[in-house]
Amino acid sequence: MIAEKLQEVQAEIAAAQARRTRVPQTEPVTLIAVTKNHDVAAMREAIDAGATQVGENRIQEAMDKYEKLERQVTWHLIGHLQTNKAKFAVRYFDLIHSVDTPHLARALDKEAGKIGKVQDVLVQVNLAKEASKSGVYKEDLRPLLDLVDSLPQLHLVGLMCIAPNYADVEQCRPLFREMYEIFQKTKEIPFQTSNMKYLSMGMTHDYRIAVEEGANMVRVGTAIFGPRQY
Ligand SMILES: *Cc1c(COP(=O)(O)O)cnc(C)c1O
C-alpha cells in the first residue's frame with residue numbers, strides 16, 4: 001500500500017516536471033517522505049520501497065524513531081525549531097529546513113560547532129505573511145541569508161516555504177512562482193560558502209503545482225501514508 005502510494009507520488013512528480021514551462025524540465029526533484037505521526041513500521045515500509053529521505057517536524061518523535069528504525073536514510077527537520085532544541089536538531093538531522101531568525105541561526109551554529117559538524121540548512125520564508133506560520137518575511141530575507149552564510153558551522157543550501165492552505169489550490173501558484181523568482185535571485189548573491197541549490201516547497205495538496213513552478217524538493221506525507229492520527 002505505502003509502496004504503491006510512493007510510486008504514485010513519484011509518477012505525479014515526473015508528470016509535473018514534464019508540464020513545466022518556465023523552469024527546466026530536467027531539473028530533478030527530491031521527494032521527502034514526511035513520516036511525522038506515522039510509526040517506524042510505516043517508515044521502514046517506505047524506505048524499503050525506495051524512499052531515501054524522511055521528514056519529521058518534532059525533535060522528540062524523530063529521536064525515538066531514529067533509535068528504532070534500523071535503516072540508512074537522510075533526515076530532514078521540516079517543522080518549526082525552538083532554540084533550546086538546537087543541540088538535538090544538529091545531532092539527528094542532515095538538513096534543517098526551518099531557520100527563520102538570527103537567534104536560531106546562531107544557536108544552531110554554536111551547537112553544530114560543539115559536535116564538529118557543518119550543518120546544512122535552508123532558510124524558511126513566510127511569503128504569504130501568515131501569522132500562524134513561521135518563516136522570515138521576504139523584506140528581511142537578505143540580512144538573514146548573509147548572517148547564515150557568515151556562520152562557520154552552518155552551510156546554507158537553499159530556501160523553504162509553506163503555502164497557505166487555500167481551498168482552491170491554484171491560488172498557490174503565484175506564490176510558488178514568486179518563491180522561485182526569489183530563489184533564482186539569491187543564486188546571484190556573492191556568498192562565501194552558501195550554495196543555493198534547493199527550493200523546498202509543496203506538500204500533499206499542492207506539490208504538483210510547486211513542481212511545475214520550480215520546486216526541486218517536495219515534502220509529502222498524507223499522499224504516501226494516508227491521514228495522520230493525532
Ligand atoms: C506535515 C508537513 C508536510 C507534509 O504534509 P502533507 O499534507 O501530509 O503532505 C510538509 N511540510 C511541512 C512543513 C509539514 O509540517
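Start by selecting Asn 126, which touches Lys 133, Ser 134, Gly 135, Val 136 and Tyr 137, leaving aside residues up to four places away in sequence. Contact here means heavy atoms within 4.5 Å. The model is predicted: local features need pLDDT of at least 70, side-chain atom pairs count only at pLDDT 80 or more, and totals for chains, interfaces and linings use all residues. Residues are numbered from 1 along each chain as its sequence is written, and side-chain values use heavy atoms, with hydrogens and water left out.

Stay on Asn 126. This residue sits in the loop between β5 (119–125) and α6 (141–150). Helices (H or I, at least four residues) and strands (E, at least two) are DSSP runs, numbered from the N terminus. Asn 126 is buried, at 4% relative accessibility. Buried means under 20% relative accessible area, exposed over 50%, partly exposed in between (1.4 Å probe, protein chains only).

Now show the Asn 126 side chain. One of its polar atoms lies 2.9 Å from the backbone oxygen of Glu 130. The backbone oxygen of Lys 133 is 3.1 Å from a polar atom of that side chain.

Next, select Val 148. Its contacts are Val 99, Ala 105, Val 121, Val 123, Leu 154 and Leu 156, again not counting residues up to four places away in sequence. Val 148 is also among the residues with the most contacts inside the largest nonpolar core, which has 73 residues. Such a core is a set of buried Ala, Val, Leu, Ile, Met, Phe, Trp, Tyr and Cys residues joined through side-chain atoms within 4.5 Å. Helix α7 (residues 173–186) gives the most to this core, 6 residues.

Last, pick Ala 41 in helix α2 (residues 40–48). Ala 41 is partly exposed, at 45% relative accessible area.

Notes. A polar contact is a pair of N or O atoms within 3.5 Å; within protein, one must be able to donate a hydrogen and the other to accept it, and residues adjacent in sequence count only if both atoms are side-chain atoms.
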